[in-house]
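Here is a short report on one protein model. Look at the sequence and the fold, then read on.

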Amino acid sequence: MELIMNYIKPELMILAIALYFLGIMLKNTETIADKFIPALLGLTGVVLSMIYVLANSDISTSQNILMGIFTGIVQGILVAGLSTYVDQIIKQSGKDE
């Protein structure tokens with residue numbers, strides 16, 4: 001887990017926590033099938049990360065814009081993956097095997 005956290009921008013760690021709680025809320029609503037929740041969290045993470053990265057980047061050149069988009073996508077995937085990873089650790093730690 002520490003390896004993943006080394007690649008996530010520290011200011012986006014809160015997004016992983018928010019996605020974790022969003023996942024719990026979606027699971028409890030029963031309006032969205034469980035199999036779609038990780039994809040929805042991934043999409044949400046990518047969109048919010050892209051907004052954050054582009055808002056805090058110098059977007060004066062096309063290269064900077066593309067780098068901001070790339071960084072936002074990668075950070076979104078990482079924070080969504082981290083939130084799912086934490087969820088699985090919690091679930092697995094409660095199991096008796």
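How many aromatic pairs does a search of the whole structure find? The search finds 1. Rings of Phe, Tyr and Trp (its six-membered ring) pair if their centres lie within 6.5 Å; planes under 30 degrees apart are stacked, over 60 edge-to-face, and the rest tilted. The ring centres of Tyr20 and Phe21 are 5.3 Å apart and their planes stand at 70 degrees, so this pair is edge-to-face.

This is a predicted model: local features need pLDDT of at least 70, side-chain atom pairs count only at pLDDT 80 or more, and totals for chains, interfaces and linings use all residues. Residues are numbered from 1 along each chain as its sequence is written, and side-chain values use heavy atoms, leaving out hydrogens and water.

Buried means under 20% relative accessible area, exposed over 50%, and partly exposed in between (1.4 Å probe, protein chains only).

| Residue | Relative accessible area | Class |
|---|---|---|
| Tyr20 | 17% | buried |
| Phe21 | 47% | partly exposed |

Now the core. A nonpolar core is a set of buried Ala, Val, Leu, Ile, Met, Phe, Trp, Tyr and Cys residues joined through side-chain atoms within 4.5 Å. The largest one has 12 residues, including Ile8, Leu19, Ile37 and Leu82. Helix 2 (13–29), helix 3 (37–55) and helix 4 (62–93) each give two or more residues to this core. Helix 2 gives the largest share, 5 residues. Helices (H or I, at least four residues) and strands (E, at least two) are DSSP runs, numbered from the N terminus.

Among the buried residues of helix 4 are Gly68, Val79 and Asp87.
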